[in-house]
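Please read these notes with the model open beside you. They are numbered so that you can check each point in turn.

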Amino acid sequence: MRADHTEVLLLSNMKIRGGRRLTGTVRVDGAKNAVSPIMLAAMLAESGESTIEDAPYLTDMDHLADVVRALGGTVERRSNGALVVDASHLTGTTVPYELARKLRASIWAAGPLLARTGQFHVPLPGGCNIGERPVDQHIKGFEALGATVSIEHGYVEGHVEGRLRGARVYFDLVSVGATINTMMAATLAEGVTVIENAAKEPEVVDLASYLNKMGACVRGAGTDIIRIEGVERLEGVTHTVIPDRIEAGTYMIAAAITRGDVYVERAIYNHLSSLCAKLREAGVTVEDDITGIRVSVDRELRAIDLKTLPHPGFPTDLQAQMLALLTTVPGTSIITETLFENRYMHVSELRRMGADVKIEGRTAIVEGVRELTSAQVNATDLRAAAALVLSGLAAEGETTVSGLEHLDRGYSRLTEKLRALGAHITRSDDTEIPLRLVGAN
Ligand code: UD1
């Protein structure tokens with residue numbers, strides 16, 4: 001079934017007839033980047049199943065379910081959308097290469113495996129379309145906790161005699177991945193672990209609250225010092241994940257690029273304050289209330305500068321979408337990408353739609369154009385795909401976007417949601433839900 005779905009996707013495309021203002025309400029799903037580590041953290045539980053509520057229907061969830069199954073756990077999708085993970089009987093410690101190469105998040109199997117079984121064998125994630133993406137800080141965290149880690153035949157391998165031991169870990173740079181892996185491993189260590197220069201992303205906080213429900217003792221998540229007091233055992237629990245701030249941000253930018261008026265239900269202002277600030281600077285009206293954020297445009301927009309940074313700075317995962325918006329705004333905008341060295345893959349495709357963007361190292365210089373024009377474009381990574389769709393919504397004529405397999409990693413029911421806001425958009429394959437996880441184990 002999977003091969004069929006992937007084959008269909010490779011041939012599929014999306015057609016967008018642009019130039020329509022988006023209006024109405026859109027509801028965001030649960031956060032992919034919160035569900036991903038939580039599905040793997042569920043392997044820390046010696047007993048009981050974990051029910052992850054509000055898990056989005058995305059191919060990444062499908063692939064992570066395969067990782068958990070390869071290690072002996074079970075994953076099931078309930079009819080209400082919840083994912084149920086039971087890893088009380090783990091049978092393996094090796095993540096197969098074919099699974100790991102599909103998504104980098106599989107490196108997060110390492111922390112739970114190390115804590116629970118005393119060893120892990122996880123393929124060294126290769127580079128990807130957006131950059132090199134090393135894992136030296138993940139390794140630094142495991143070694144601080146007493147593990148021996150080596151790289152053999154393309155695998156990162158780790159083992160520890162007895163239990164991990166709590167320690168002080170200082171990260172040389174702010175890494176979401178390394179913070180998450182070390183935090184998960186430390187929950188079952190003997191004694192106290194202190195992570196300094198920790199990532200403060202909302203997904204780190206959500207993982208910490210899931211771990212605490214399981215019986216862990218994690219304090220300070222959301223600040224740059226996280227303190228974890230190790231416990232003897234953890235149990236499966238039910239957890240509802242936070243809404244996806246990147247999906248929310250993408251719809252907020254969709255409203256702005258079409259000069260529309262959209263209420264993004266479940267968007268959380270505290271998770272999106274940098275985007276709200278930058279949209280306001282550009283002249284967009286942004287109003288937040290307790291259940292969401294409304295974005296509307298009633299005046300000429302102006303060029304701005306922005307720099308991607310770890311949270312609460314501007315998220316790199318919204319850089320491509322914001323760049324797409326700025327190609328339609330008069331004047332010169334300057335974007336600096338500080339997190340990933342190769343995250344301008346969308347620019348050459350946007351140029352084919354008439355965008356005027358120059359890249360100099362990590363900086364993009366964007367000259368706003370009067371109008372984007374339709375073209376056939378191909379997405380090379382998840383957020384680049386979103387940027388192309390947004391540009392298609394703004395462009396005159398019919399834009400065709402291929403590379404939808406990237407889009408389906410991070411946006412569920414995108415065409416349905418955009419259509420409900422008034423977009424003219426269709427998909428050749430007419431299916432957006434990865435089929436395998438619906439009910440199947
Ligand atoms: C996560 C998100 C991704 C987001 C990124 C930054 C998931 C599944 N992915 O990725 O969508 O774009 O955070 O917000 O949640 N680095 C090192 N050594 C390490 C680890 C990281 O040098 O050991 C570098 C990376 O190359 C990058 C920077 O640190 O330049 C930030 O990476 P990190 O925060 O770890 O990103 P991910 O966890 O991979």
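1. The shell around the ligand is made up, by class, of eight nonpolar, six polar and five charged residues. Here Ala, Val, Leu, Ile, Met, Phe, Trp, Tyr, Cys and Pro count as nonpolar, Asp, Glu, Lys and Arg as charged, and the others, Gly among them, as polar.

2. This is a predicted model: local features need pLDDT of at least 70, side-chain atom pairs count only at pLDDT 80 or more, and totals for chains, interfaces and linings use all residues. Residues are numbered from 1 along each chain as its sequence is written, and side-chain values use heavy atoms, with hydrogens and water left out.

3. In total, 19 residues surround the ligand (a heavy atom within 4 Å). The closest are Q137, S175, V176, D317 and L339.

4. Helix 6 (136-144) and helix 7 (176-186) each give at least two residues to this shell. The largest share, three residues, comes from helix 6. Helices are DSSP runs of H or I with at least four residues, strands runs of E with at least two, numbered from the N terminus.

5. Which backbone atoms lie by oxygen atoms of the ligand? A backbone N or O atom of Q137 is 2.7 Å from a ligand oxygen, a polar backbone atom of G177 is 2.8 Å from one, and a polar backbone atom of L339 is 2.4 Å from one. Taken alone, the ligand exposes 750 Å², and the protein buries 86% of that (Shrake-Rupley method, 1.4 Å probe).

6. I290 lies in the loop between strand 17 (285-289) and strand 18 (292-296). I290 counts as exposed because its relative accessibility is 86%; exposed means over 50%, buried under 20%, partly exposed in between (1.4 Å probe, protein chains only).

Key. A polar contact is a pair of N or O atoms within 3.5 Å; within protein, one must be able to donate a hydrogen and the other to accept it, and residues adjacent in sequence count only if both atoms are side-chain atoms.
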